[in-house]
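Please keep the sequence and the structure in view while reading.

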Amino acid sequence: MLYDTIGRGYRTRRQPDARIGAQIHEALGDSRRILNVGAGAGSYEPADRNVLAVEPSQVMVAQRPGGAAPAVRAVADALPFDDDSFDAAMASLTIHHWPDWEAGLTEVRRVTRDRIVLFTFDPDYRRFWLYDYFPGVVALDNGRMPTLERLANVLGEIEVATVEIPADCTDGFQGAYWKRPEAYLDADVRASISTFPALEDPQPGLDALASDLASGAWQERYGDVMSLDAVDLGYRIVTATPG
Ligand SMILES: C[S@@+](CC[C@H](N)C(=O)[O-])C[C@H]1O[C@@H](n2cnc3c(N)ncnc32)[C@H](O)[C@@H]1O
């Protein structure tokens with residue numbers, strides 16, 4: 001289980017971002033009984049609803065804060081629940097880790113009555129300077145991130161909302177540091193982003209980024225982003241109401 005290794009220290013570096021949380025909670029509507037699949041340390045679980053978490057990694061479950069929703073050790077494609085057990089299901093930055101995301105979402109559909117909310121990433125939207133340094137990230141994500149079209153094939157009609165990533169995003173996922181480029185040079189930061197440990201050889205990209213930051217080449221090429229407060233990097237909230 002990958003997250004038994006890379007999940008150590010997750011909660012410290014991956015603090016849920018309140019602005020993203022507000023968008024996810026809005027997408028959940030007034031659903032009361034909610035399943036959070038691939039729940040990890042509990043990010044984005046609404047505290048005012050009846051939530052049950054599903055998470056396969058013990059290392060992640062152990063990082064759930066006191067008072068967090070109860071967690072069941074299970075995987076998405078074999079959910080130990082009856083049909084229609086939940087009003088809604090949520091899955092945040094997790095479906096690309098499921099060995100068979102289609103089977104997982106089919107299971108999520110089976111156990112959910114009204115609404116499915118995914119916080120995910122559109123692999124067809126590629127506008128981020130980081131890819132110039134680490135093209136392997138694109139190849140890796142393309143192999144595991146379902147396109148919106150493929151999600152709709154499984155979920156039926158979907159609504160898609162853009163999640164702009166704030167410059168001071170507290171959740172240290174891949175795009176979080178778009179305005180803090182030196183952060184990607186920090187091994188601890190990279191350790192909490194699943195693509196980096198999976199890259200064959202990140203060193204040439206790291207060397208190039210360090211050198212461009214030192215010489216001013218990065219600022220010259222990408223410095224326009226420094227005037228922005230939030231950007232669209234391809235993160236999306238996908239909502240399905242299969243009924
Ligand atoms: C990037 S973390 C996201 C955790 C949390 N949802 C969040 O937003 O912080 C991905 C999570 O997916 C979980 N995961 C991996 N494979 C899974 C599977 N087959 N079914 C359910 N969850 C899985 C991992 O253990 C990990 O906790």
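## Sheet

In this predicted model, strand β2, which covers residues 50-54, runs parallel to β3 and is joined to β3 by two bridges. Across this pairing, alanine 53 of the chain stands opposite alanine 71 in β3.

The two strands belong to an open sheet of seven strands with mixed pairing, in which the order is β3-β2-β1-β4-β5-β9-β6. The edges are taken by β3 (71-72) and β6 (158-162), and because each has a single partner strand, one side of each is left without a neighbour in the sheet.

## Helices on the sheet

Helix α3, made of residues 18-27, lies across β4 (86-92), β5 (112-121), β6 and β9 (235-240), and runs at about 15 degrees to β9. Helix α5 (residues 101-111) also packs on the sheet, where α5 touches β1 (33-37), β4 and β5, and the direction of α5 makes about 145 degrees with that of β5.

## Helix α11

Helix α11 has 13 residues, numbered 203-215, and reaches 18 Å from its first C-alpha to its last, which is close to the 18 Å expected at 1.5 Å a residue. After α11 comes glycine 216, whose phi is positive, near 95 degrees.

## Ligand surroundings

The ligand is surrounded by 21 residues, of which the closest are Tyr3, Gly38, Gly40, Ser43 and Ser92. By class, the residues of this shell divide into eleven nonpolar, eight polar and two charged.

## The chain as a whole

The secondary structure of the protein chain comes to twelve helices and nine strands, and its C-alpha atoms fill a box of roughly 60 × 35 × 30 Å along the principal axes. The radius of gyration of the protein chain is 18 Å, which agrees with the value near 18 Å that a compact globule with 243 residues would have.

Technical notes: Residues are numbered from 1 along each chain as its sequence is written. This is a predicted model: local features need pLDDT of at least 70, side-chain atom pairs count only at pLDDT 80 or more; totals for chains, interfaces and linings use all residues. A residue is near a molecule or strand if its C-beta atom, placed from the backbone, lies within 6 Å of it. Ala, Val, Leu, Ile, Met, Phe, Trp, Tyr, Cys and Pro count as nonpolar, Asp, Glu, Lys and Arg as charged, and the others, Gly among them, as polar. Helices (H or I, at least four residues) and strands (E, at least two) are DSSP runs, numbered from the N terminus. The expected span of a helix is 1.5 Å times one less than its number of residues. Two strands pair if DSSP finds at least two bridges between them. Two residues are in contact if their C-beta atoms, placed from the backbone, lie within 7 Å. Axes are lines fitted to C-alpha atoms, for helices over the stretch in contact, and angles run from 0 to 180 degrees between N-to-C directions. The radius of gyration is taken over C-alpha atoms; the globule rule is 2.2 Å times the number of residues to the power 0.38.
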